[in-house]
Amino acid sequence: MADEKKNQKQQGQINIELDEKVAEGTYSNLAIINHSVSEFVVDFVNIMPGVPKSKVKSRIILTPQHAKRLLKAMADNVSRFENAHGEIKDYEQPPMPLNFGPTGQA
């Protein structure tokens, strides 16, 4: 009986592995967001002052449903962060000249 309950509990869990390279993370201070009818594409870039050229460091492709879930999860996490640490100041920055035309950026 105990083994049956253990198996039922394990069926609802997902085992997610995080390798060392991915765990290090990639710094980004610009996200360029484009979308089509079937997907959202988020390119993460690291723009450095005085350097006129940058490369996309990471690209994430999401279905519209997952993009909306990500939006809700980010909003929830920002709200919890601000409740614990105070308001995050959103300083206006001058527009960055880009050589390609994003439909949005964050």
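Is Arg59 buried or exposed? At 53% relative accessibility, Arg59 counts as exposed.

The protein chain has a mean pLDDT of 86, and 77% of its residues reach 70 or more. Helix H3, residues 64-85, has the highest mean pLDDT, at 98. Strand S4, residues 104-105, has the lowest, at 56. Where pLDDT is low, the predicted coordinates should not be read in detail.

The protein chain holds three helices and four strands. Read from the N terminus, their order is α-α-β-β-β-α-β. Of the 106 residues, 9% count as buried. The chain exposes about 9,700 Å², and carbon and sulfur atoms supply 55% of that area. Among contacts with a separation of 6 or more, 34% join residues 24 or more positions apart.

Now the charged pairs. The structure holds three salt bridges. One of them joins the side chains of Asp43 and Arg59, at 2.5 Å from N to O. Asp43 lies in strand S2 and Arg59 in strand S3, so this pair ties together parts that are 16 residues apart in sequence.

Asp76 and Arg80 form another bridge, with their closest N and O atoms 3.2 Å apart. Both belong to helix H3, where they are four residues apart, so about one helical turn separates them. Asp76 is partly exposed, with a relative accessible area of 41%. Arg80 is also partly exposed, at 48%.

Glu87 and Lys89 make up a further salt bridge. Here the closest N and O atoms are 4.0 Å apart. Glu87 and Lys89 are both exposed.

Next, look at the loop between strand S2 (40-45) and strand S3 (56-62), which is where Asn46 is placed. Asn46 counts as buried, because its relative accessibility is 19% and the cut-off for buried is under 20%. Which residues does Asn46 touch, leaving aside those up to four places away in sequence? They are Tyr27, Asn29, Ser54, Lys55 and Lys57.

Val78, Phe81 and Ile88 make a nonpolar patch of about 240 Å². Val78 lies in helix H3. Its relative accessible area is 34%, so Val78 is partly exposed.

Conventions:
Residues are numbered from 1 along each chain as its sequence is written. This is a predicted model: local features need pLDDT of at least 70, side-chain atom pairs count only at pLDDT 80 or more; totals for chains, interfaces and linings use all residues. Side-chain values use heavy atoms; hydrogens and water are left out. Helices (H or I, at least four residues) and strands (E, at least two) are DSSP runs, numbered from the N terminus. Buried means under 20% relative accessible area, exposed over 50%, partly exposed in between (1.4 Å probe, protein chains only). Contact means heavy atoms within 4.5 Å. Accessible areas come from the Shrake-Rupley method with a 1.4 Å probe; for residues, only the protein chains shown count as cover. pLDDT is the predictor's confidence in each residue, from 0 to 100. Patches are made of residues with over 30% relative accessible area and no salt bridge: like charges are joined within 9 Å, nonpolar side chains (Val, Leu, Ile, Met, Phe, Trp, Tyr) within 5 Å.
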